[in-house]
Each structure stands twice: as structure tokens, then as C-alpha cells.
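Please open the structure in your viewer and keep the selection panel at hand.

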Amino acid sequence: MKGLIYIAMMLAALYSCRGAREMDLSGPWAFALDTADVGLLEHWYDKPLADMIMLPGSLQERGYGYRPGIDTRWTGQIVDSSWFKASLYEPYRREDNIKIPFWLQPERTYVGVAWYQREVYLPPQWKGKYIELELERTHWQTTLFVNGSEAGSNDALLTPHRYAVDGSGRIVLTLRVDNRVHIPVGINAHSVSDHTQTNWNGIIGRIRLRAKPALHIAQLTVYPDIAARKATVELLLSHKAPQDAGLRLYVEAFNCGEHLASKVRPVNITIAAGSSRALAEIDMGDDVLLWSEHEPNLYRLRAELSCRGESERSSTVFGMREFRAEGTRFRVNGRPVFLRGTLECCIFPLTGYPPTTEDYWEKIFSRCKEYGLNHVRFHSWCPPEAAFSVADRKGLYLQVECGAWATVGSGGYIDRWFYAESERIVREYGNHPSFCIMLYGNEPNGRNQVAWLSDFVSWWKAQDARRVYSGGAGWPDIDAADFRSTPDPRIQAWGAELNSIINAHEPHTSYDWRAIIAKEPLMPVVSHEIGQWCVYPNFDEMPKYSGILKPKNFEIFSESLSRNHIGDMARPFLMASGALQMLCYKADIEAALRTPGFAGFQLLDLHDFPGQGTALVGVLDAFWDEKPYASGEAYRSFCNTVVPLARMEKMIYTDVDTFRADVEVSQFSMHAMENAAVEWKLYGDDAAMTVVASGSRSVDLPVDNCIPIASLEVPLSAVKTPAKLTLEVSIAGTPYANRWNIWVYSSTDNQPLSQSAVYVTDDINRAIPALEAGSDVLYCLPRPALKPDRGGDISVGFSTIFWNTAWTRNQAPHTLGLLCEPSHPALAGFPNDGHSDYQWWEITTGCAPVLLDSFPATLRPIVWIIDDWFTNRRLGMLVEGKFGKGRMIISGADLLHDLHKRHAARQLRHSLESYMASDSFNPSEELSMELVKDLLK
């Protein structure tokens with residue numbers, strides 16, 4: 001075996017040289033796991049290693065490590081520990097059937113030391129050169145040995161590891177890689193955690209040796225100055241020049257449709273002997289091309305260094321861009337910008353580590369643009385070079401973090417490490433114009449966090465003005481920061497449960513966050529991790545997991561659904577909960593766009609987050625693929641460069657009301673829109689989409705939000721039957737259009753409650769004798785009457801689940817919205833689309849879930865309440881059946897009280913009573929009253 005490994009490595013070495021200056025070391029390496037961490041003591045660096053592995057890659061994806069089990073040492077907090085002890089999960093704790101519910105399950109795990117070894121032959125022409133080993137990304141700490149002698153170590157987490165290599169001819173490179181979390185960046189940080197990318201061990205991206213002149217360019221930094229139309233270039237040499245050295249700088253624009261190299265003159269300077277640093281100014285010309293989301297123009301700087309007859313070339317990409325804070329706004333090149341962002345949490349299910357090539361980043365950032373975004377926050381990590389290169393071309397503003405979700409300010413090594421890591425990140429990626437924001441990391445802890453983060457921010461603001469800085473994502477507030485990151489401006493806060501805006505307040509669109517952003521000192525405010533709205537799992541995506549991570553969590557959820565006799569409901573649950581998820585995200589995003597002076601938002605998330613208990617919060621799946629209910633076109637209607645908006649005090653009306661709305665526009669395109677024709681119409685849900693009212697107004701739209709357009713007033717007396725109406729506001733000749741549904745019902749004067757023979761009660765002791773007498777009963781099941789284990793502990797809200805109940809310790813709501821067949825005769829008088837919308841708000845609020853797990857397996861409700869995927873209980877809001885001589889609809893909704901002001905509830909009751917009085921009311925299921933009584937205390 002060792003002979004085969006040696007032959008494979010030698011063959012690879014023969015074909016790995018690229019010209020005279022670079023050697024590609026991808027391919028076979030000798031390898032050994034050091035499970036007991038004895039390699040240093042036993043001098044493994046000076047011995048041949050027995051196994052073989054292919055690099056780049058991780059040892060886990062190559063089949064090394066251990067299969068997950070009940071004793072696996074995971075890197076990440078497990079909040080809900082029920083998998084380890086609950087009988088529900090007992091089948092999934094068996095050695096032959098391990099399935100975990102709290103994140104995607106790797107086929108192999110390993111935390112510890114591994115050794116990698118490669119024999120190479122250095123060409124004779126490399127003699128006397130500076131030879132550098134580059135490892136684009138490792139996980140995590142590395143120590144290099146050359147021919148058995150230690151050459152150095154590196155604990156960078158998010159940038160390449162580079163080593164100087166001494167030797168000639170045949171040399172043996174031996175790497176010790178340790179993925180234990182020795183530096184406390186936090187076990188939940190996405191730079192290291194099993195929640196998302198996995199705690200992998202290996203080397204990815206470029207693995208190469210490079211030969212350079214002894215005097216070479218160590219760093220090339222570009223500082224744009226758009227006001228002066230110049231770029232200042234700082235060049236650092238590897239050491240002091242032994243004699244005068246010549247430097248020639250060239251600049252060319254390369255992605256803007258025209259070649260401008262001739263318009264920027266080359267610059268020649270002399271670096272004096274004894275100097276290791278040079279500064280040069282490049283006049284970019286009056287027709288300089290600026291970089292922004294709208295026009296992502298890029299330049300390439302080439303540097304040629306000559307000294308003692310040797311020359312070296314180096315290059316970097318940059319953009320002429322200024323990103324700064326002014327008042328409560330960010331400005332890019334002097335123009336206001338509104339950040340519409342999502343998180344990227346190092347979620348890569350096929351590999352368990354981030355891609356270092358551009359193709360997948362093209363997919364990610366193209367999808368962001370398709371869904372109206374211009375900003376990506378890398379939560380507690382920094383991506384590889386390829387991500388910045390693609391973001392530069394796409395015109396995306398990136399927020400980079402230094403790999404942490406940790407305690408800071410304790411005075412330990414970690415505090416110094418953050419400075420070092422941030423310097424490495426800026427040195428490696430700082431020229432990219434897409435790199436606009438930098439923070440230490442996520443949600444810090446520590447008694448001294450404010451003081452430490454204040455110093456960190458102040459130090460960086462003094463060092464490099466090419467981007468803006470703040471302390472931690474989420475908190476704390478720091479006066480020295482360029483902007484404030486806070487979770488306060490969102491419609492569902494952590495711990496709010498059913499007391500949030502969307503669950504506790506009648507539907508309206510008149511709220512915004514102006515009071516929150518008015519906090520002193522005034523600075524831009526970016527809302528932290530808004531949304532977090534869940535959807536039912538899409539089990540159809542399971543075959544996509546063809547790599548190292550498997551959706552064993554989805555297998556558990558799917559099997560649970562089938563055990564509860566509703567395996568066929570997965571797709572309907574997905575589509576209905578997805579419609580509600582879209583409605584919740586629309587509410588969150590529009591509130592941000594309605595806020596004057598607001599700086600932007602960061603979604604959690606545009607795509608699914610597979611960890612922290614399984615957080616299915618995306619309208620895209622973990623692969624950035626579209627889910628079947630959420631197109632980019634639909635999402636852009638409320639999340640885009642330009643968005644029409646409407647402030648409405650309510651969404652539910654009667655035919656004696658007047659519909660009122662204040663129309664405005666959020667407009668952050670490249671330029672002001674002059675004489676824009678803003679059009680609006682209110683139309684019906686009938687086949688002809690009958691227009692109730694319409695109008696238009698031509699206005700100038702500056703680059704801003706909260707631009708007033710018109711105040712609408714439409715009497716609704718012409719609406720003679722219960723109806724869904726849609727308000728549409730659009731800008732003529734553009735793709736910008738937005739829509740809102742409202743509902744109009746007959747007033748109490750025009751439609752009294754039915755005088756049918758249906759007996760309506762919320763008292764089971766009155767319902768029973770009525771049924772025994774052969775009556776038809778509408779029984780409104782009161783929530784306080786439920787036993788805790790028969791639905792009483794299930795909190796139903798209007799919204800879908802926030803984040804997920806496993807990680808939030810069962811925060812309400814516990815359900816994912818409603819599902820029904822719109823054409824069911826019971827709902828003939830209650831216009832609906834088969835899923836939750838705002839007309840269901842007052843009906844859902846305070847409703848009792850009808851738990852049907854003990855009822856016949858064939859029983860299906862008229863209106864479903866979609867349960868949490870962890871429990872998959874069969875829940876109904878409206879359930880019908882035959883009970884002896886009588887027939888009954890059980891309603892979990894209160895259809896008895898305050899109906900004079902609960903217009904939707906009154907209309908639903910009217911529809912149900914009409915149905916029950918008709919020939920269509922003929923329940924097929926024979927049910928026992930004991931089943932109902934068993935639900936009650």
C-alpha cells in the first residue's frame with residue numbers, strides 16, 4: 001500500500017508544475033488519523049504515513065472518521081435534548097438506524113488531529129527563490145513540517161495558510177491539521193459548527209507551491225478616492241530592497257463593456273534601497289467608472305516589480321466605490337442606499353464546507369438578485385475569495401464577520417486573535433468593492449463586551465475607511481460604531497410569542513420603526529435577523545442530498561406524518577404554510593421599507609437553515625433552489641429596488657365602510673424617476689376581476705422611501721356580497737407592482753345571523769342532549785376547556801412558527817397556519833384561497849385546536865390547522881361528523897362572542913349555518929361523543 005501511495009504522489013508531482021513558478025499539489029496525499037493525538041510525541045512528521053487521501057477535500061467526505069451515534073461529540077449546542085431520551089425517538093437511537101432531528105446528519109464525523117503528507121520535487125530553477133506553500137482554506141489549525149523539521153503553524157480560520165518552504169530537490173511536506181475548537185470562537189459560530197457547514201477536517205481550494213523572487217510583492221492595497229478621482233496604491237515588499245527597485249503600475253477596466261486601459265496612464269516609481277513600502281497615486285480620469293449595485297464596474301491593477309535582474313508580477317481587482325454612513329442612511333458614492341439583505345450561514349449540504357470556485361457563488365448571488373436583494377451578511381464567518389469575486393461582478397454589498405459567536409473582552413488570547421483574524425481578512429479580501437461592512441461576529445457575550453468592541457471598532461475606523469464597522473450583529477449598542485445592528489425593528493421578536501404585532505394586533509399596514517431608529521446617537525440602523533418564518537418541510541427535495549450530509553431529520557418528520565395517517569398531506573401542508581410564510585415576510589419587509597430614514601434589513605433567511613433544531617425559514621431550500629410556492633417575481637413585488645406601498649389601518653371592512661389607504665413608494669434605483677405614472681386599482685376576485693375603483697398620478701420619485709403619492713378613499717357600498725378585493729399599485733412602464741388583499745362583508749344591519757334550526761353553543765353539556773334529540777349542532781369548543789395533552793398545550797397564532805420550536809424552547813405559535821378546500825360548501829359564503837390570509841386573523845386568534853389523533857384515521861377536517869413538523873398531530877379548526885341521531889360541526893374558533901365587531905368570524909358562522917341548513921350537509925364519519933369528551937377537562 002505504501003508503495004502505491006508513493007507512486008501516486010510522484011506521478012502527481014511530475015504533472016503538477018504550471019510553468020516555472022507554480023506547482024499544483026491537488027491529488028493524492030499520504031494520510032493518517034491521529035485519534036489519540038500522539039503524532040507529535042511519536043514523530044509522525046518524520047515517518048511515512050500509511051493511508052491515502054485525495055485533496056482538496058475533507059477527511060469526512062473521503063470516508064474517514066466515525067459514523068454518527070448516540071455518543072458523537074457534536075460541535076454545537078443542542079437545545080432540545082429529547083432525541084437522547086424521549087420514547088418518540090427511541091427507534092432513531094439504535095445503532096443501525098441513527099437519525100438525528102436537530103441538523104443535517106453527516107455520514108462521518110471526526111474532531112481531532114489528522115496528518116497529511118506529500119513528497120514533491122522542486123525544479124532546479126527554483127533554487128534561490130522564495131518558495132511559498134499556500135493552503136487556500138483549512139479547518140482548522142495547521143502545523144507544517146518540511147523534511148521532518150517544523151516550518152511553522154497557523155491558526156487562521158477564514159483566510160489562507162501560507163508557509164515559507166526551505167529546501168531543494170526532493171522534499172517531504174507533512175501537515176498536522178487539528179479541527180478541535182482550541183480558540184473559543186463559540187461552538188455555535190457558523191465558522192466551526194455542525195449546525196451548518198460541519199466541523200470538517202481537511203484542506204480545500206488552492207493547494208500549491210509558488211516560487212517568487214527573493215524580493216517580491218507581499219501586499220498590494222488599493223484605496224479609492226472617488227471625490228478626487230484617484231486611487232492610492234500601497235505596496236509592501238517581502239523585505240527591504242537591497243538596491244533601488246522599479247515598480248510599474250497598470251490599471252484597466254475589464255467588465256464594463258469597453259476597454260479603458262489606455263485612459264488610465266501607467267505609473268512608474270522607484271523604490272529606494274532600504275525601503276520595503278511604496279505609495280503611488282493613480283489618476284483615474286474624469287470618466288472614472290464607479291462601482292455600485294446598479295453599475296458594478298471593476299478595475300484590475302497590475303504591478304510589475306524589477307530588482308537585480310529579476311521581475312515579478314502581481315495583480316488585484318478593485319472598484320472605485322465609497323460606502324459610508326451619513327445620518328441614519330448608508331450612502332454609496334454619495335447616493336442613498338437601502339440594504340435588502342439575507343444571511344448566509346455557511347450552509348453547503350453536498351460538501352459540508354464552503355465552495356472555493358465561482359460557479360456555486362454565481363448561483364447564490366444570482367438568486368439573491370432574483371429575489372430583490374442587494375446585500376448578504378455572512379453570519380459569524382467569512383467566505384473564500386471566489387465569493388467576493390462574484391459579488392463584485394453582481395453588485396452585492398457584503399457584511400463579513402470574524403468567525404465568532406463568543407465571549408469577548410475577557411483579556412484572553414481570543415481577544416488578540418480577533419484583531420489578528422480581522423487583519424488577515426482585510427489583507428486578503430479588502431480590495432474587493434463588495435466588502436463593505438465588517439463586524440467581530442454575532443451576538444457577543446461578556447461583561448466587558450461594550451468596552452472591548454468599542455476599542456475594536458475605533459481601531460478599525462482609524463485603520464481603513466473603505467468600509468463601515470460595528471461591534472456585534474444584534475448587540476450591543478456602541479457609540480463609536482458606524483451603524484447599529486438591532487433585533488428590535490421586526491414584527492416578531494424573540495420571546496414575543498403571541499404578543500407580537502402580527503399575532504396580537506388586528507391586521508393593518510400602518511406601522512413602521514421610526515421610533516426605534518430615533519435612538520441617540522443617530523446612526524444608520526439595520527434590523528437584525530428579521531423574519532424567521534417557518535414553512536412545512538418539502539420532502540420532495542430529499543433526493544438532492546447526494547453528498548456527505550443527509551436529511552435524516554426530514555426522514556424522521558416524514559415517517560411521523562405517515563404514522564399519524566396523513567402522509568399524503570405533506571404537499572398541501574407545504575403549499576398552504578408557504579403562502580402564509582410569504583405573507584409574513586411581506587409584512588416584515590414592507591414595515592422596513594415604510595420606515596423613514598431606515599438603513600436596511602437582514603433576513604433570517606432567504607433560504608433554509610438546516611441546523612439549530614431544523615429551521616425551515618426559507619422560501620428557497622438549502623440548495624438555494626426555489627420552493628414551489630415562491631417565485632422570484634412574486635417576492636420582488638414587495639422586496640426590490642422600487643416598491644409601491646400602502647398604509648392601511650385595517651384589512652377587514654363591511655359594506656357600510658369606506659376603504660382608505662395612503663399610497664407611497666420606496667425608490668432606491670440608480671437615479672430619480674421623473675414624471676413616473678403611479679397607478680392604482682381596487683378590483684374583485686371574480687373571473688372578470690371587476691374594477692371597483694382606480695386612479696393614477698404622475699410624480700417625481702427621488703432616491704428615498706416614504707414618498708407620498710395619494711390618499712385613497714373608496715366607499716364600499718357597491719360590494720353587495722362577501723368579497724375579497726385586491727389593491728394593486730404599480731408604476732407604468734416598469735415591472736414594479738405590489739398587491740394587498742382586503743375583505744368586505746355585509747354589515748350586521750344588512751346581514752343578521754341565520755335564523756336556521758342549527759343549535760349553536762360552546763357548552764358540551766348542552767350540545768349532547770341536542771344531538772341526542774337529532775338536532776344539528778355547531779359546537780364552538782372553548783380553548784380553556786381542553787386538557788393540556790389533548791390540544792390545550794398547543795398555542796395557535798395567526799402567523800407561522802418563528803424559527804422552530806426545538807430551538808426556541810417551544811415558543812408560540814406552535815402551528816403553521818390553515819389549510820382548506822376553498823370550494824367546500826361549508827365555506828361557500830366565506831371567500832378564501834385555501835390557506836391563511838388576513839381574513840382568518842380574528843378567527844385563528846385564541847382558537848382551540850381540535851386534536852384528532854384518537855379519532856378515526858379516515859377523518860379529515862374541513863379546515864386543517866397545520867401542526868409543527870416535529871409532532872405532526874392531526875389538527876382541525878372545523879370538523880364535521882355524525883353523532884348518533886344528530887350531526888355536528890366542531891369549531892375550534894369562537895363563533896359566538898363579539899360578532900358585531902368580529903366581521904370575519906360572523907361571516908364564517910353565517911357560511912357554516914347556511915351549509916348546515918342545506919342538503920349538502922351530510923357528514924360521512926360516524927363519531928362517538930366520547931371522543932369529544934376525551935378532549936375536555
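Where is the place of Arg 229? Select Arg 229: its place is in the loop between β14 and β15. Helices (H or I, at least four residues) and strands (E, at least two) are DSSP runs, numbered from the N terminus.

Before continuing, please note that this is a predicted model, in which local features need pLDDT of at least 70 and side-chain atom pairs count only at pLDDT 80 or more, while totals for chains, interfaces and linings use all residues. Residues are numbered from 1 along each chain as its sequence is written, and side-chain values use heavy atoms, with hydrogens and water left out.

**The hairpin and its neighbour**

Stay with Arg 229, which has a positive phi of about 55 degrees although it is not a glycine. Most residues other than glycine have a negative phi, and most peptide bonds are trans. Arg 229 is partly exposed, with a relative accessible area of 37%; buried means under 20% relative accessible area, exposed over 50%, and partly exposed in between (1.4 Å probe, protein chains only).

Now extend the selection to β14 (residues 217-225) and β15 (residues 230-237), which pair in the antiparallel sense over 8 bridges. Two strands count as paired if DSSP finds at least two bridges between them. The two strands form a hairpin with 4 residues between them. Within this pairing, Val 222 has Val 233 in β15 as its bridge partner.

**The open sheet**

Select the six-stranded open sheet, whose order is β4-β3-β7-β12-β9-β10, with antiparallel pairing. β4 (51-55) and β10 stand at the edges with a single partner strand each, so one side of each has no neighbour in the sheet. On average, neighbouring strands of this sheet are turned by 30 degrees against each other, direction ignored; the axes are lines fitted to C-alpha atoms, for helices over the stretch in contact, and angles run from 0 to 180 degrees between N-to-C directions.

Inside the sheet, 6 bridges join β9 (residues 141-146) to β12 (residues 169-178), and Gln 141 stands opposite Asp 178. Move to Trp 140, in the loop between β8 (130-139) and β9. The peptide bond from His 139 to Trp 140 is cis, with omega near 0 degrees.

Then select Thr 159, in the loop between β10 (149-154) and β11 (161-165). Thr 159 is buried, with a relative accessible area of 3%. Leaving aside neighbours within four places in sequence, its contacts (heavy atoms within 4.5 Å) include Glu 136, Arg 137, Glu 421 and Tyr 429.

**A covered helix**

Which residues of α3 are buried? Select helix α3 (residues 385-394), where 7 of the 10 residues are buried: Ala 386, Ala 387, Phe 388, Ser 389, Val 390, Ala 391 and Asp 392. Their cover includes β20 (310-318), α2 (358-370), β26 (397-404), α4 (413-429) and β27 (435-442). Gly 395 follows α3 and has a positive phi, near 80 degrees.

**Cores**

Turn to the largest nonpolar core, which has 226 residues; Phe 365, Tyr 635 and Leu 727 have the most contacts inside it. Helix α9 (residues 570-593) gives the most to this core, with 14 residues. A nonpolar core is a set of buried Ala, Val, Leu, Ile, Met, Phe, Trp, Tyr and Cys residues joined through side-chain atoms within 4.5 Å. Centre the view on Tyr 635: beyond its neighbours within four places in sequence, its contacts include Tyr 371, Met 582, Tyr 585 and Ile 589. A second, separate core of 31 residues includes Leu 249, Val 251, Val 264 and Ala 280.

**Two further loops**

Select His 565, in the loop between α8 (552-563) and α9. His 565 has a positive phi of about 70 degrees although it is not a glycine, and is partly exposed, with a relative accessible area of 46%. Finally, go to Pro 521, in the loop between α7 (514-517) and β31 (525-531). A cis peptide bond joins Glu 520 and Pro 521, with omega at about -10 degrees.
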